[in-house]
Amino acid sequence: MKRFQGVISWLSAFIFAVAVIAVYKTFDNFDSIWSFFGTIIDILNPFVVGFGIAFILFAPSRWIENKLGGVSNKYLRRFARPIAIFCVYVALLLIIGAILFFALPALGRGVVSFVKSLPGYFNTAVEWLEQFTRPGGLLENVDISGKLQELYNTILSKINAETITASLQGLLSLTSSLLNVFMSFIISIYMLASRESLFRALRAVCGLFMKEKWIDNVSKYAHKAGEIFYKYLYSALIDAVLIGIIVSIGLVIFGVPNGVLLGMIVGLMNMIPYFGALIGGAGCALIALLSNNIYTAIGVAIYILVMQQIDGNIIQPRIVGGGIGIRPIYVLLAITVGGGFFGFWGILLGVPFMAVIQLLLGDYIAYRNRLKVEPSSADAPPPPKDSDTDL
């Protein structure tokens, strides 16, 4: 055996060197690798979107199916799943139709009106700040107007009617692929209707290279991860709609231009933990200051602050319950990393992803600690030596 020790050492060093080179090449060609995965996702886009639709609709579909399964009518019990799937998809189509025919045109008009109001907001801001640049002012001899003009030109070059039109055209072209949309809906319906067979097939495939114990553990943690995502997404969406409606009503009462649009933006921003509510409230107060007066801005700021406190202490605990059990520092880390890699979707889904990672790491650390407490196999007496005839 000694004569093979040198070969084993060289082989280990060779494998280590190959691993180092592989890791280096991976990071060196990260853009190409990421582009490759992006191409795969684009090809499988109907399945990805279909899975997303099925995942979102699974919880209400299962709830309706369970309710129908407990009724006395045998036909309702027999066709509980088809009826449940039909109900959730009808509800989804009604929501999409309402957004396309009512909310989207109003939102577009509000965005166009807001963009047209930007020059007036800019002139008001310049006039207000010039009071501090006069002789004896706090910002004397500071070229505020020049800096604001430069910032305004930069923003206006990116946000104008042509940009909005191009963005809307891109959105329409994205949603105009009727074949992909139709396939995504069909795939999602099949996933909901035949989920048990899909799970059995997936379990059978995993059984080719995984032990039964590992498959059970993966299934258990997948179930927990699904609960975390459901709890976070549904609660965040309901909370965002409520806050958007409440803030919109308040902004309309205060007479802030485009109050409904700003309220919906605040509701959307409220889905971003910590920073979203702060940024949305500050933006509304600034627009109230530029369009009305300082007293309206103070009133808007106080109103949004009170609404955020009510939301954080009353509404959210009733909707979310005990939360998803993630520490604030991990929330900030999830927002930073998720937003840096995946933009808005990374910010939105980064928190539940971090909650799943925290769950896995917590259970793994607990498992390692149990191994340290329990007697290891090294402390046990050595087994008897095998005889020469044993294989």
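**Reading the helices and the patch**

Visitor: How do you know that the span of helix H10 agrees with its 43 residues?

Guide: Helix H10 covers residues 212–254, and at 1.5 Å a residue it should span 63 Å. The expected span is 1.5 Å times one less than the number of residues. The end C-alpha atoms lie 62 Å apart, so the two values agree.

Visitor: Why is Trp-345 called exposed?

Guide: Exposed means over 50% relative accessible area. Trp-345 has 56% relative accessibility, so it counts as exposed. Trp-345 sits in helix H14.

Visitor: Which residues form the nonpolar patch on the surface?

Guide: Leu-268, Ile-329, Tyr-330, Leu-333, Val-337, Phe-341, Phe-342, Phe-344 and Trp-345 form it, and together they have about 940 Å² of accessible area. Helix H14 (residues 328–373) supplies the largest share, eight residues.

Visitor: Where in the protein is confidence lowest, and where highest?

Guide: The mean pLDDT is lowest in helix H7 (residues 161–175), at 53, and highest in helix H3 (residues 45–69), at 86. Where pLDDT is low, predicted coordinates should not be read in detail.

Visitor: What pLDDT does the protein average?

Guide: The average is 75, and 68% of the residues score at least 70.

Conventions. Residues numbered from 1 in each chain as written. Predicted model: local features only at pLDDT ≥ 70, side-chain atom pairs only at ≥ 80, totals over all residues. Heavy atoms only, no water. Patch = residues over 30% accessible without salt bridge, like charges linked within 9 Å, V, L, I, M, F, W, Y side chains within 5 Å. Areas by Shrake-Rupley, 256 points an atom, 1.4 Å probe, with all protein chains shown as cover. Salt bridge = Lys/Arg side-chain N within 4 Å of Asp/Glu carboxyl O. Helix = DSSP H or I, 4+ residues; strand = E, 2+ residues; numbered from the N terminus. Buried < 20%, exposed > 50% of the residue type's maximum accessible area, 1.4 Å probe, protein only. pLDDT = per-residue confidence, 0-100.
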